[in-house]
Each structure stands twice: as structure tokens, then as C-alpha cells.
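Have a look at the model first, then read on.

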Amino acid sequence: AAAGTALVALRHPGGLRPKIIAGAGLAVLAAVICLLAPDATIGRVKRTFSGADEGLDSRRHMWRSAVDIAADYPVLGAGMGNYAYWSPRYLGDRAKKMPEGAFDIRRHGDQPHSELLRLAAETGLLGLLCWLWFGARLLRHRGPEWSGLAVLCVFSLFNGPFDSVPHMLAGLLLAGCLLARRQPGQPFTAAAGAVIPAAA
């Protein structure tokens with residue numbers, strides 16, 4: 001959300017004052033939410049960076065397994081949709097070197113919780129080049145859709161939105177809207193802020 005909001009603020013026409021007012025409003029809203037639900041907000045952030053955080057530790061193992069698969073199949077990858085097939089073997093090899101119970105392999109074998117690493121593992125260098133080409137085409141276009149796409153891109157670095165129909169539908173619709181623009185330099189409009197909650 002911060003990435004999408006920053007893009008709206010940077011690209012939106014107008015002076016500094018409306019942006020300061022909007023930023024102050026967002027800060028007040030965030031503070032109210034933290035006061036109403038401290039455990040789900042402040043407590044969650046504290047746990048994320050503590051020794052008791054299983055999510056970060058699990059992700060490190062999943063990410064490393066995806067890197068290992070990509071290293072074994074560097075050009076074409078292990079095949080689309082094959083991360084879940086190969087990952088138990090790679091996760092198991094890592095689990096053998098760890099104390100018993102340190103990592104629950106059964107819970108984390110379906111996806112690496114990073115779409116960039118999944119693409120590297122499943123499609124290799126060729127697949128990454130295709131996505132790079134697609135991204136380069138998108139970068140030629142300007143529009144409010146970029147705020148929603150920024151949210152999705154950052155989210156996909158730490159999660160698996162490719163497995164979620166709503167996430168991918170939003171992403172494809174936003175990308176399609178960008179590619180449909182005949183004039184890449186169209187200005188940002190006031191409706192840009194509506195893209196963030198729509199994509200979320």
C-alpha cells in the first residue's frame with residue numbers, strides 16, 4: 001500500500017499542500033487503527049522481527065529451495081507449476097541439516113512465497129526474460145494503474161498471488177488498461193487514488 005500511495009503522490013498533479021493534507025490524514029487513520037487493534041498491527045510488526053516469528057524463518061527456507069531449483073534448471077526451469085512437485089525434495093534436503101521440528105516441511109511445499117523466485121525455479125532464465133520484456137512494455141505507458149500494479153509487485157515479492165484469482169484478475173486488468181492506452185504520456189488524474197483500494 002505504501003508503494004502504491006507513493007506513486008500516486010509522486011505522479012499526481014497539484015501542489016505540495018494537498019499531498020501533505022492527504023499524508024496527514026493517512027497518518028491519523030493509521031494511528032487510529034493501531035489504537036483500536038494494537039495486537040493485529042503493532043504486535044504483528046514486533047513479532048515479525050522477533051525470534052518467535054515462524055513466517056520469516058519459513059520463507060528463508062522456501063526462498064533458498066527455489067534458488068536451489070533455479071540453479072539446477074537455470075535455462076528452462078523445472079516447468080510451469082512444478083515448484084510444488086520438486087520443492088519437498090529440496091526442502092527435505094535442508095530439513096535434514098536442521099534440528100528436528102525446526103521447520104515444518106509439510107506446510108510449506110506448495111509455493112516459495114515469492115513469485116520472482118517461483119518464476120526463476122519454474123521457467124528459468126527464458127521465463128524471466130519474457131517477464132522482463134512484458135515489464136518493459138508496461139513501463140512505456142503512464143497511468144493511474146501503476147499504483148495498483150506497484151502494490152501487487154511488492155506483495156508478490158513476499159507472497160504467492162499467482163495462486164489467487166482475485167489478485168491476478170486485478171493485476172491483469174490493470175496491466176491491460178495500461179497496454180490499451182494509445183498515448184503513453186496521458187496525465188495522471190484525480191481518480192488515481194481509487195486504484196489502490198480496488199487492487200487491494
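Angles under 35 degrees count as roughly parallel, over 145 as roughly antiparallel, 65 to 115 as roughly perpendicular and the rest as oblique. Please keep in mind that this is a predicted model.

**Helix packing**

- Helix α7 (residues 145-156) packs with helix α8 (residues 165-179) at an angle of about 140 degrees, and their axes are 9 Å apart.
- The two helices α7 and α8 are therefore oblique to each other.
- Their crossing, that of α7 and α8, is left-handed.
- On the α7 side, the contact is made by Glu145, Trp146, Gly148, Leu149, Leu152 and Phe155; α8 brings in His167, Gly171, Leu174, Ala175, Cys177 and Leu178.
- Sorted by class, the residues in the contact of α7 with α8 are eight nonpolar, three polar and one charged.

**Aromatic pairs**

- The count comes to five aromatic pairs.
- One of them joins Tyr73 and Trp86 in a tilted arrangement, 6.0 Å centre to centre with 40 degrees between the planes.
- Tyr73 sits in the loop between α4 (54-72) and α5 (83-96) and Trp86 in helix α5, so this pair ties together parts that are 13 residues apart in sequence.
- Tyr73 is partly exposed at 28% relative accessibility, and Trp86 is partly exposed at 22%.
- Ring pairs also link Tyr73, Tyr85 and Trp86 into a cluster.
- Trp131 and Phe134 form an edge-to-face pair, because their ring centres are 5.9 Å apart and their planes stand at 90 degrees.
- Trp131 and Phe134 are three residues apart in helix α6 (residues 115-139), and so separated by about one helical turn.
- Trp131 is partly exposed at 39% relative accessible area, as is Phe134 at 26%.

Conventions: Residues numbered from 1 in each chain as written. Predicted model: local features only at pLDDT ≥ 70, side-chain atom pairs only at ≥ 80, totals over all residues. Heavy atoms only, no water. Axes fitted to C-alpha atoms, helices over the stretch in contact; angles between N-to-C directions. Helix = DSSP H or I, 4+ residues; strand = E, 2+ residues; numbered from the N terminus. Left-handed = near helix turned anticlockwise from the far one by under 90°. Contact = heavy atoms within 4.5 Å. Nonpolar A, V, L, I, M, F, W, Y, C, P; charged D, E, K, R; others polar. Phe/Tyr/Trp six-rings, centres within 6.5 Å; stacked < 30°, edge-to-face > 60°. Buried < 20%, exposed > 50% of the residue type's maximum accessible area, 1.4 Å probe, protein only.
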